[in-house]
Amino acid sequence: MRIGIVCYPTYGGSGVLATELGKALADKGHMVHFITYQQPVRLNAFHANIYYHEVQVPTYPLFDFPPYESALSSTMVDVILNQKLDLLHVHYAIPHASTAYMAQQIVAKQGRYIPFITTLHGTDITLVGKDKTYAPVVTFSINESDAITAVSENLREETFKYFPIEKDISVIYNFVDTARFARRDLPHFRRAIAPNNEKILLHVSNFRKVKRVPDVVKVFKQVRDAMPAKLLLVGDGPDRPTIECLCRDLGICEDVRFVGKQEQLEDVMSISDLFVLPSEYESFGLAALEAMASQVPVISSNAGGLPEINIDGVTGFSSPVGDVDQMAAHAIRVLEDENLLARLRKGALEQAARFHIDNIIPQYEALYDAVLQQA
Ligand code: GMT
C-alpha cells in the first residue's frame, strides 16, 4: 500500500508512535510518505520505502497567524495525487483530521477518493479537543473519518463521553519494539549516573502540566530520604523552570539530572530501576510501556488508560492522582525488596510482550484493508 502519515514531528507520544508505525509498515514493504512540518524525531535513518514531504508555510505580512492548515492540506493533496497514495493515516485529531477532510474533498473534485483514518491519542480529545473553541471542527472531522482508532479503551470511552460520535471507534493499542528496548548491561553508563550504586528513578515526558512532573520530584525526595538515589529527567517543556525551582527548594539538585530530549531512550531505560509517571491524565503512557520492555517497573497514577497498561501489583503500582505519599511508599517498598523488584520486572516484561509491535501492526493493516474495500 501507499500510505500517507501525518503527525506532529516533535517530542511527544503521538509523533513517536506514528513514526514507529510508519517505519514498521515500511519494513513490511509498504510505501510510507510522512507529511510533516519537520523531520519527525524518530525518523533518523534512510529507509528505501520511506519518503518525507515537508510542509512549507509561506509567510506574508498580513498573516498574524500563518495558515498552517491550508499549507498542510495543500501538501497532502500534492502527495496524494503525485505519489498515488491509497490512504491517509492522521495522528492527533487537531488539526490533522480536518486538514485530511479538506484534502479528501479537493481530490474528490478530481475524481479521486482517498480514505483517511484518524487515530486519537489523548489530549486531542481530553484537553484540547473538548475546548469549545475547537469542538465543532473536531467532532465534524472525526465523524467524517473513514475509520477512527483510539490508543486505549479509556480514550475510546472519553471520546464517546465528550463528543457526539456517530461511528465506531476501534481500539488499537500503542506498541513497543521489545527487541530494541531489551534491557542491556551498561555498567559504565550506570556508574556515570550513579557512581555509588544509588537507585535510579526515571521520568520521561514533555514536562507539560498534565504530566505533574513536580510530583515526580516530590516522590523522589521521599525515596532519597530513605536510601541513596538519583533521578533522571528526560525531555523538556514548559514546566521545567518550576521543576528546577522545586529541586532547589528541596535541596536535591545534586541528585537530579536533566538530560534533555534523548533519542537513545533504550540506554536510559536499561540503567533505571523505576519509572515514575504521576500524570493527571494519560490515554496510554507510551514511555511507561517502553520502560516495561526494559524491565523497569512503573510507579504511576491510575488516571485515564494507565490501569490498562500498568497493572497494579504486577507491573508496578498505581495510586490516585496527586497521592505523592502513596507513590513514594510504593517506590521505597519496591526498591528495598529485591524479590518484589524481580517479580515486578518479570511482570513488566510480560506485559510489554502483549503490546509487541508484531501483534499491533497487523491490526492497522487489517483496518487499512477494510477501509480500502469500502472505498
Ligand atoms: O501530551 C502528551 O503526552 C503528548 C501526547 C501526544 O499526542 O503527543 O501523548 C498522548 O499520546 C501518546 C501516544 O498515543 C500516549 O502514550 C499519551 O498517553 C498521550 N498523552 C496524554 O494522554 C496526556
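**The parallel sheet**

This model has an open sheet of 6 strands, in the order β10-β9-β8-β11-β12-β13, and the pairing is parallel. Strands here are DSSP E runs of at least two residues, helices are H or I runs of at least four, and both are numbered from the N terminus. Two strands pair if DSSP finds at least two bridges between them. β10 (256–260) and β13 (316–319) are at the edges with a single partner strand each, so one side of each has no neighbour in the sheet. From one strand to the next, the twist averages 20 degrees.

A word on the source: this is a predicted model, where local features need pLDDT of at least 70, side-chain atom pairs count only at pLDDT 80 or more, and totals for chains, interfaces and linings use all residues. Residues are numbered from 1 along each chain as its sequence is written.

Within the sheet, β8 (residues 199–205) pairs with β9 (residues 229–235) in the parallel sense over 7 bridges. Ser-205 has Gly-235 in β9 as its bridge partner. Helix α8 (residues 213–226) packs on the sheet and touches β8, β9, β11 (274–277) and β12 (298–301); contact means C-beta atoms, placed from the backbone, within 7 Å. The direction of α8 makes about 180 degrees with that of β8. Angles run from 0 to 180 degrees between N-to-C directions, with axes fitted to C-alpha atoms, for helices over the stretch in contact.

Now the helix pair. α2 (residues 68–82) and α3 (residues 93–108) pack at about 50 degrees, with axes 9 Å apart.

Definitions and conventions: Contact = placed C-beta atoms within 7 Å.
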